[in-house]
Amino acid sequence: MITTKPRLACVDPPRLLAGLDEVYRLDRVGHLTVHGTMPALRADELVALAENIDLRGRGGAGFPFAKKVQAVVESAGRREGRCTVVVNGSEGEPSCLKDTALLLHTPHLVIDGAVLAAEALGAEEVAIAVHRQDVEESVAAAIAERGPSGVPVGVSRTPDRFVAGEGGAVINGISGAPAIPNGRKIRTSDSGLSGLPTLLSNTETFAQLAVAARMGALPYRSVGLPTEPGTTLLTVGGKYVMETPTGVPLTYVLELCGLTPGQAVLVGGYHGKWLDPKSINAATISRESMKKYGARLGAGAVLPIPENTCPLGETARIARWLAAETAGQCGPCFIGLPAIADAIGQVERGGGQSSIDNVRAYVNSVKKRGACSHPDGTAGFVTTALDAFPEEFEAHALGSGCGRPTMGVLPLPEDALPLALPPAPLNPAARDERRQRGPMEKLLVDWSLCQGHGLCADILPPEVLTLGIDGYPSSANMEVPRQLRAQAVRAVRRCPALALRIEE
């Protein structure tokens, strides 16, 4: 759970968390007293402001906000100007609490940013998606405090699941459909809520926009790095929410929360990267700094792992939970991820070097084959653990263990259940695809439909299509030599799940 008040640090005075040193929650009157009234912006002014301060999405990918706005403007222009705005407050990862903190304690700041964007775009509505009941109640109270004037604002409670925070899943959840990713890359700027062009971004992004609109670009840029201006919110240790300027040392952030780097620090959450002690001492809170170490801030989770816990045991706990969070719409996810978790369990039980090899094999089997990013993110989490704690993995695999218990320091929901399905038997390594000269058609797999029947592999030779160790096609994109086109067409027609198609 979040602490009684989000921890304030580094910024004097704070921006996003301003006023919370005096009250638990800023109601409408308190909000206007601290922040003042909002200006109005045209769409071109909104784009210019976002570009000037280099505002990027704070939900994980860090996509430039100005480009999102421009894309919606262009799409809406083809749809008689109709569009919507969606605030993604669906934090499905238990290590992240920053958006929850904003919506619980300063909800009007988030609504201000969303309404500002909606009015600039001429949007029909603002929809806010949340997971928790207390957050829903806080946002609903804030909407009531604002009255009925202006763009309609509503709040929807979507399922509290990891994959439910993905953009397409958020749109589905608000619409009353299953809150799972769409399986295909559909840009919300083209078709989002109600099928309309939709500006979708996360809670902190809209709060930052509200602050910048009031301050202006130059004052906003007075804090933080010249190349990455402003502040950012972090969830540290799974319980402290703090606001910090960009450029602050990572070790200082930990120190302010009374924590030490320990054995390593996981940055970016459960689809993030473990940093070793040397990297921790050099890293700062910035995109460029994290990029040097192959990491990114993502959703702002910073998780140190102390010396008294077993890193392999912690990895196994999270891998089991991530496997249980599958959307269940593609084999690489609902078969591959439990297989990875079970393989890690074999390492824990002293399965020898072959058990570590099995972990890597299953990790490789799910990469770039999922209907959404969940398989890749989970595979990346396990890979970074293997790289960060090789001695611990080896010690457990060989039977001696690391001598430390698993303390459960990485946050998980209280009701999370372990999931470890038996892995599929390993098949011989797939043959490399033979290179073909000249342009060729491609056979594509829709992972959201594929059910692993394997009939396609009975029709096409292994030079075109092979099955992975889980029984699903090992690639989603296969070049088809002209002389084999007839067989590819037959494979498409015979696929019971309609998961194959041919494109140039």
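This is a predicted model: local features need pLDDT of at least 70, side-chain atom pairs count only at pLDDT 80 or more; totals for chains, interfaces and linings use all residues.
**Entry 1: the β10 sheet**

I began with strand β10 (residues 441–445), which four bridges join to β12 in an antiparallel run. Here strands are DSSP runs of E with at least two residues, helices are runs of H or I with at least four, and both are numbered from the N terminus. I took two strands as paired if DSSP finds at least two bridges between them. Opposite Leu443 I found Ile502 in β12.

Residues are numbered from 1 along each chain as its sequence is written, and side-chain values use heavy atoms, with hydrogens and water left out.

Next I looked up the whole sheet: three strands make an open, antiparallel sheet in the order β11-β10-β12. The edges are β11 (477–480) and β12 (500–503), each with a single partner strand, so one side of each has no neighbour in the sheet. On average, neighbouring strands here are turned by 30° against each other, direction ignored. Helix α20 (residues 485–494) packs on this sheet and touches β10, β11 and β12, and its direction makes about 145° with that of β12. For such angles, axes are lines fitted to C-alpha atoms (for helices over the stretch in contact), and values run from 0 to 180 degrees between N-to-C directions; contact means heavy atoms within 4.5 Å.

**Entry 2: the parallel sheet**

I then turned to an open sheet of four strands, paired in parallel in the order β3-β2-β1-β4. Its edge strands are β3 (153–157) and β4 (198–202), each pairing on one side only. Neighbours in this sheet are turned by 20° on average, again with direction ignored. I followed β1 (residues 84–89) along β4 and noted five bridges in the parallel sense; Thr84 has Thr198 in β4 as its bridge partner. Across β1 and β4 lies helix α8 (residues 203–215), running at about 95° to β4.

**Entry 3: two helix pairs**

From α8 I went on to helix α4 (residues 98–105), which packs against α8 at about 55° with the axes 9 Å apart. That makes α4 oblique to α8 (under 35 degrees counts as roughly parallel, over 145 as roughly antiparallel, 65 to 115 as roughly perpendicular, the rest as oblique). Lys98, Asp99, Leu102 and Leu103 in α4 meet Thr203, Glu204 and Ala207 in α8. I sorted this contact into three nonpolar, one polar and three charged residues. My classes: Ala, Val, Leu, Ile, Met, Phe, Trp, Tyr, Cys and Pro are nonpolar, Asp, Glu, Lys and Arg charged, and the others, Gly among them, polar.

For helix α1 (residues 28–35) and helix α5 (residues 107–121), I noted axes that come within 9 Å and cross at roughly 70°. The two are therefore roughly perpendicular. Arg28, His31 and His35 in α1 meet His108, Leu109 and Asp112 in α5; by class that is one nonpolar, three polar and two charged residues.

**Entry 4: cavities**

A cavity is a set of points, on a 1 Å grid over the protein atoms alone, where a 1.4 Å probe fits but cannot get out; lining residues have an atom within 4 Å of a point. Points are joined across faces, edges and corners, and the volume is the space filled by probe spheres set on them. The largest cavity holds about 100 Å³. Of its 13 lining residues, Cys450, His453, Gly454, Cys456 and Cys495 lie nearest the centre. I classed the lining as ten nonpolar, three polar and no charged residues.

Key: On a 1 Å grid over the protein atoms alone, a cavity is a set of points where a 1.4 Å probe fits but cannot get out, and a pocket is an open set with protein on both sides within 12 Å along at least five of seven lines; lining residues have an atom within 4 Å of a point.
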